[in-house]
Amino acid sequence: MGTSRIPVSTCRLQLNRIFGFREVMLIASYLRKLGISDVYLSPVFRSRPGSTHGYDITDPRTLNPELGSSADFQDMVRELKRLDMGILLDIVPNHLAADAQNPWWMDVLENGPASPWAQLFDIDWQAEVLPRNRLLLPVLGNPALEVINKGEILLKLDGDGLSLHYFENRFPLDVRSYGLVLSHVLDRSGPERVSHARNADPARLLDSIERLPPQGTSELWHAGRYRERQAVKAAFTDLLSGSAEIKDLIFHGIEAVNNRGEGDPSLDMLKDLLEQQAYILDFWKTGLPRVNYRRFFDISDLAGVRVENPEFMDATHSLIYDLVREGRVTGLRIDHIDGLRDPLSYLRRLHSILSPGSRPNPQDPPFFLLVEKILTGDEVLPPEWPAHGTTGYDFLNVVNAVFIDPSGLSKLVERYGDVMDMKEGFEEILYRKKKQVMDDLFRSEIKASARRLAHLAALYSPDVTAEDLQQAVIEMTACLPVYRTYIRDFNLSQTDRHYMEQAAGEALRRVPSLDMPIRFLKRVLFMESPLTAPDRCKDVWLDFVMRWQQLTGAVMAKGHEDTALYNYSPLISINEVGG
């Protein structure tokens with residue numbers, strides 16, 4: 001990594017609308033007197049309004065105005081530099097908020113696969129459990145039909161066009177479905193009455209709309225197709241501004257839809273509107289098992305992004321690049337690196353882009369880089385990663401161990417088992433809890449992984465059933481002793497082989513009846529595809545493995561940190577994250 005500014009000691013500061021950039025300035029001198037060399041800031045990018053943590057980023061290209069202005073940020077940087085203090089900045093490459101404040105997410109909801117940002121988010125547009133090219137959103141508090149009949153979904157018109165609202169949630173309409181509203185205008189007034197108004201020809205606009213392909217049949221993003229959709233939306237805005245009469249008619253149509261009653265034809269109009277969208281609004285309880293986008297763990301309003309694509313990495317990191325290149329930030333802390341498809345490629349590209357030679361002053365030292373990575377047992381950080389280390393969960397374990405007498409801990413564990421009438425040890429509890437969270441929280445991900453494996457099995461091991469393959473995925477995931485492996489090509493490291501041998505051996509010991517499916521899954525995970533397989537099939541083989549690796553970390557986090565540690569606690573101090 002070269003000679004970098006290595007922090008002597010850091011103080012993490014949680015920024016929010018009450019404690020922002022100017023407040024950091026007020027305490028900077030005090031922190032320096034305490035011996036703090038670098039401030040460690042929570043994310044500073046635009047997040048959901050009122051966010052208390054900053055990890056729900058809506059636009060990573062801009063600073064969060066709730067923390068202060070750009071001038072405030074620059075003043076803070078100057079004050080810290082005056083005190084010879086650095087800034088270690090927390091960044092979030094794995095996910096963005098699935099929120100109305102996120103312009104990229106809203107563009108995807110509006111345009112589906114036709115959006116230029118459709119591939120930014122890790123969405124399975126061909127999920128077998130859903131209509132093609134549609135995105136399931138588990139946001140409703142009750143079944144969809146019940147929500148519709150109660151009038152809880154409302155059609156509204158605002159500066160961004162027509163949209164559906166469900167309490168505080170806003171969902172933009174596909175521009176093609178504007179045709180339903182325009183049809184209402186023409187039905188009530190007739191084209192002769194309104195077409196002569198200045199810049200107002202709803203019949204011509206309706207014809208343009210009907211020429212657009214509906215959701216579910218449109219191709220992936222194409223610049224010309226996307227421009228057509230934007231032109232139609234702009235024409236609709238012109239229509240509203242050019243004729244007060246048409247605007248009144250449109251509002252009358254919106255009001256008719258929203259003031260519906262049981263048996264009212266407007267109910268059918270709303271159902272038609274919902275059917276024409278790129279998204280499906282679903283009851284959260286029934287929708288979660290069918291979710292077709294990668295989430296941050298099980299949090300449905302944090303959507304995984306694909307920074308393995310250089311174009312999307314640059315789009316989401318443009319401000320980060322500037323802050324490091326200009327010397328305003330001296331170090332980065334990478335949040336949840338295990339969620340990325342290929343952590344090594346990400347780190348290498350980040351390091352290459354931000355090397356001293358890319359900055360205005362090539363004499364500046366390399367930036368300091370930490371990754372949030374939980375190491376398990378004797379696991380070490382992959383030595384090929386261009387990072388200075390982890391954020392310190394492993395170090396905390398070492399420090400904590402200094403204060404623990406092993407013989408005393410053994411007695412405590414034994415006594416705890418007697419008092420709690422608990423016959424099984426922690427490893428058995430962890431195994432069960434990982435299986436529990438797969439069923440409760442990650443059912444859609446497990447099913448999707450099993451479907452991909454079944455496609456491979458149909459080609460190379462047709463005697464294995466889909467049901468048994470799904471159980472094999474569950475068992476191997478539950479038995480993996482670390483958060484994830486880091487396979488990225490057909491050359492497996494000895495470390496990855498070691499951990500997967502452990503997982504396969506333990507899975508076979510626990511469920512010997514799954515011998516054939518577990519052995520086939522092991523072949524896939526060990527990248528032992530047939531030498532005669534075409535490159536396309538090998539790519540599918542590798543894609544399965546890399547997606548599975550993104551899932552295992554989430555299962556471990558929820559099963560270990562958020563479940564098992566709450567069910568087994570003979571000594572609370574060893575139940576910290578990474579313990």
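**Close-up 1. Helix α16 and the largest pocket of this predicted model.** α16 gives the most to the pocket lining, with six residues. This helix spans residues 426-440, and α18 (466-479), α19 (494-510) and α21 (535-567) each supply at least two lining residues as well. The pocket has a volume of about 560 Å³. Its lining counts 27 residues, and the closest to the centre are Thr 376, Glu 427, Leu 430, Pro 481 and Met 556. By class, 14 lining residues are nonpolar, seven are polar and six are charged.

**Close-up 2. The largest cavity.** The model holds two cavities of 30 Å³ or more. The largest has about 80 Å³ of space. Residues from β4 (57-63), β6 (95-97) and α12 (310-325) line this cavity, two or more from each. α12 gives the largest share, three residues. Among the lining residues are Phe 45, Ile 57, His 95, Leu 96, Thr 316 and Ile 320. Nine of the lining residues are nonpolar, three are polar and none is charged.

**Close-up 3. The second largest cavity.** About 40 Å³ of space lies here. Leu 15, Asn 16, Pro 43, Ser 47, Ser 51, His 53, Gly 54, Asn 64 and Leu 67 form the lining. Six of these residues are polar, three are nonpolar and none is charged.

**Close-up 4. Ser 37 in its loop.** Ser 37 sits between α1 (21-33) and β2 (38-41). Is this residue buried or exposed? Ser 37 has a relative accessible area of 6%, so it counts as buried, the cut-off being under 20%. Leaving out residues up to four places away in sequence, Ser 37 touches Arg 5, Pro 7, Val 8, Ser 9, Arg 32, Asp 84, Met 85 and Gly 86.

Methods:
Residues are numbered from 1 along each chain as its sequence is written. This is a predicted model: local features need pLDDT of at least 70, side-chain atom pairs count only at pLDDT 80 or more; totals for chains, interfaces and linings use all residues. Side-chain values use heavy atoms; hydrogens and water are left out. Helices (H or I, at least four residues) and strands (E, at least two) are DSSP runs, numbered from the N terminus. Buried means under 20% relative accessible area, exposed over 50%, partly exposed in between (1.4 Å probe, protein chains only). Contact means heavy atoms within 4.5 Å. On a 1 Å grid over the protein atoms alone, a cavity is a set of points where a 1.4 Å probe fits but cannot get out, and a pocket is an open set with protein on both sides within 12 Å along at least five of seven lines; lining residues have an atom within 4 Å of a point. Grid points are joined across faces, edges and corners, and a volume is the space filled by probe spheres set on the points. Ala, Val, Leu, Ile, Met, Phe, Trp, Tyr, Cys and Pro count as nonpolar, Asp, Glu, Lys and Arg as charged, and the others, Gly among them, as polar.
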